[in-house]
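Hi there,

Here is the structure I promised to pass on to you. Have a look at it first, and then read my notes below.

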Amino acid sequence: MKWRSLAESGSYIDQRPLAQVFAERKDLIAEYVPPDVQVVHARTVAALKQQGLAAKSLAVGARAASFELPDHDGKLVSSAALLEKKRLVVSFIRGRWCPFCVGQMEAISGIAEQVEAAGASLLAISPQTQKQAYFMHDQHKLAFPILVDAHNKLARQFGLVYHVLEEQQAIYRRTFVNLPFVNGDDSWELPIPATYVIDRDGTILFASGNEDYTARPEPLEILAQLL
């Protein structure tokens with residue numbers, strides 16, 4: 001399962017603000033997704049906000065957890081090795097089945113060269129399997145690696161992980177979002193979307209986590225942290 005995009009049909013890059021892209025996708029959801037399903041998703045976001053998950057996650061000034069994870073091609077990527085040379089921009093995402101993750105990744109891919117020129121390496125991290133990460137990277141022509149965080153071990157160290165509630169699990173099953181298959185485990189756990197800029201000494205310079213999966217930082221906001 002994947003969210004198709006215009007980028008897949010050629011060299012098209014959507015250069016609109018991410019908020020505008022997301023607004024368009026929200027309009028489509030409002031039009032085509034049954035109201036009772038929308039209510040469940042909204043209720044889930046509200047419950048996560050009530051838990052204060054984002055507020056409890058790693059914040060600016062904290063030390064980021066180090067990692068060594070395989071990328072979409074199975075190559076091990078070490079944060080320590082990368083930080084010896086450059087800062088890091090790291091985005092935790094849910095997976096290729098999420099239209100908002102796809103939109104964010106395509107938007108960030110559009111500034112990949114600028115991020116590199118500003119002295120940083122760009123990475124995405126998700127709990128999906130290597131095969132799913134490969135499909136996402138290939139189908140959306142991303143200019144940076146997607147790392148595989150099996151069982152959300154790294155996301156847990158950042159304080160981002162939550163258990164998908166039963167009523168939302170039922171919706172995902174009906175819509176063929178088979179998380180046990182996509183993620184390779186039956187935990188039904190996901191990270192809330194979060195983006196970090198990490199300095200070379202491991203200090204977090206910028207943190208943007210949100211329980212609302214439809215709210216992500218603008219690529220230019222991320223780039224501004226590097227300039």
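In case the term is new to you: a disulfide is a covalent bond between the sulfur atoms of two cysteines. The search counts one when a pair of cysteine sulfur atoms lies within 2.5 Å, and over the whole structure it finds zero disulfides. Cys98 is buried, with 0% relative accessibility, and Cys101 is buried at 0% too. (Buried means under 20% relative accessible area, exposed means over 50%, and partly exposed is in between, using a 1.4 Å probe and protein chains only.)

A quick word on what you're looking at: this is a predicted model, where local features need pLDDT of at least 70 and side-chain atom pairs count only at pLDDT 80 or more, while totals for chains, interfaces and linings use all residues. Residues are numbered from 1 along each chain as its sequence is written, and side-chain values use heavy atoms, with hydrogens and water left out.

**Salt bridges**

Side chains of opposite charge can pair when their charged atoms come close. A salt bridge here is a side-chain nitrogen of Lys or Arg within 4 Å of a carboxyl oxygen of Asp or Glu.

- Arg43 and Glu167 meet at 2.9 Å, N to O. Arg43 sits in helix α2 (residues 35-51) and Glu167 in helix α9 (residues 166-174), so the pair ties together parts that are 124 residues apart in sequence. Arg43 is partly exposed at 41%, and so is Glu167 at 33%.
- Arg156 pairs with Glu189, their closest N and O atoms being 2.8 Å apart. Arg156 belongs to helix α8 (residues 153-157) and Glu189 to strand β7 (residues 189-191), so this pair links parts 33 residues apart in sequence. Arg156 is partly exposed at 42%, whereas Glu189 counts as buried at 19%.
- Arg16 and Glu24 join at 3.2 Å, N to O. Arg16 is partly exposed at 28%, as is Glu24 at 42%.

The helices (H or I, at least four residues) and strands (E, at least two) are DSSP runs, numbered from the N terminus.

**Ser126 and its surroundings**

Ser126 lies in strand β4 (residues 120-126) and is buried, at 1% relative accessibility. Its side chain makes a polar contact of 3.1 Å with the side chain of Gln128. (That means a pair of N or O atoms within 3.5 Å; within protein, one must be able to donate a hydrogen and the other to accept it, and residues adjacent in sequence count only if both atoms are side-chain atoms.) Which residues does Ser126 contact, leaving aside its neighbours within four places in sequence? They are Ile93, Arg94, Ile146, Leu147, Val148 and Asp149, with contact meaning heavy atoms within 4.5 Å.

**Two positive phi angles**

His151 has a phi near 60°, a positive value in a residue other than glycine. Asn152 also has a positive phi, about 60°, although it is not a glycine. His151 is in the loop between β5 (146-148) and α8, and Asn152 is placed in the loop between β5 and α8. Buried or partly exposed? His151 counts as partly exposed at 39%, whereas Asn152 is buried at 1%.

Cheers
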